[in-house]
Amino acid sequence: MLGRLLIAITACHALITPRLLVQRAPALKSTVADAVNKGKAEKGKVSFLKTAYPVASAATTLAWTACAMQALGTHPRLTLPPLHTRLTIAQALVPLPLVWASCDALKAAAEVGWSRLQSATYRRLNLALCASSLWLASACWFAPAFTGATTVTYACKLKAGATAIHLATAGIAAGAWFESSPGSLLQAPGRVVKGLAGAGMSLVPPRG
């Protein structure tokens with residue numbers, strides 16, 4: 001009797017197992033396909049960013065330098081020696097290495113992979129690059145309001161081109177930050193506040 005019972009259980013198991021495998025096969029196939037598609041999408045984003053960051057760095061340098069040369073190349077009321085003018089322009093270009101270092105660090109992170117860009121450090125760096133680029137775009141477009149001098153204006157083509165470059169850089173950084181951050185769009189403002197607070201706190205020296 002026991003032997004017949006074991007045979008019946010084995011037969012039922014043999015009949016049920018293939019059906020379960022057939023039922024699970026589409027779900028397993030779908031999961032694998034989703035993982036492959038996700039990997040391809042992330043690879044495409046990383047490939048784009050590896051090119052976008054150096055281009056943004058070079059374009060920002062060009063726009064910044066052109067604006068500095070036009071705004072500081074001549075004085076509206078004084079005749080200054082050429083050396084003074086060159087030193088004034090050079091002083092305005094001092095922050096450029098910060099742009100180069102930021103874009104180079106983000107490019108290096110993109111070369112490692114999407115997981116590196118998802119770390120808090122590089123999310124905040126993207127957020128900082130976005131904020132600084134938006135500030136530069138505003139300063140270029142509304143130059144007289146920023147400087148308090150109506151004489152500090154840019155040619156129309158330079159004004160439009162430099163503003164577009166800074167806005168494009170901000171867009172690249174903002175897109176990378178949003179894609180690498182967890183949560184939905186509605187949670188973005190909270191993440192911005194948290195990122196800014198975290199970046200500010202990281203500047204406080206540790207207590208010994």
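Reader: Which residues is Thr-163 in contact with, leaving aside its neighbours within four places in sequence?

Author: Good place to start! Keep in mind that this is a predicted model. Contact here is a matter of heavy atoms within 4.5 Å. By that reading, Thr-163 touches Ala-137, Cys-140, Trp-141 and Leu-158, once neighbours within four places in sequence are set aside. Thr-163 itself sits in helix H7.

Reader: Is Thr-163 buried or exposed?

Author: The general idea is a cut-off: buried means under 20% relative accessible area. Thr-163 has 9% relative accessibility, so Thr-163 counts as buried.

Reader: Now to charged pairs. How many salt bridges does the count come to?

Author: The test looks for a side-chain nitrogen of Lys or Arg within 4 Å of a carboxyl oxygen of Asp or Glu. The count by this rule is two salt bridges. In one of them, Glu-179 pairs with Lys-45, at 2.8 Å from N to O. This pair joins distant parts of the chain, 134 residues apart: Glu-179 belongs to helix H7 (residues 156–180) and Lys-45 to helix H1 (residues 2–72).

Reader: How exposed is Glu-179, and what about Lys-45?

Author: Glu-179 is partly exposed, at a relative accessible area of 40%. Lys-45 is also partly exposed, with 31% relative accessibility.

Reader: And which residue does Lys-107 form a salt bridge with?

Author: Lys-107 pairs with Glu-111, and their closest N and O atoms are 2.5 Å apart. Both lie in helix H3 (residues 96–112), and because they are four residues apart there, about one helical turn separates them. Lys-107 is partly exposed at 24% relative accessibility, and Glu-111 is partly exposed at 47%.

Terms used
Residues are numbered from 1 along each chain as its sequence is written. This is a predicted model: local features need pLDDT of at least 70, side-chain atom pairs count only at pLDDT 80 or more; totals for chains, interfaces and linings use all residues. Side-chain values use heavy atoms; hydrogens and water are left out. Helices (H or I, at least four residues) and strands (E, at least two) are DSSP runs, numbered from the N terminus. Buried means under 20% relative accessible area, exposed over 50%, partly exposed in between (1.4 Å probe, protein chains only).
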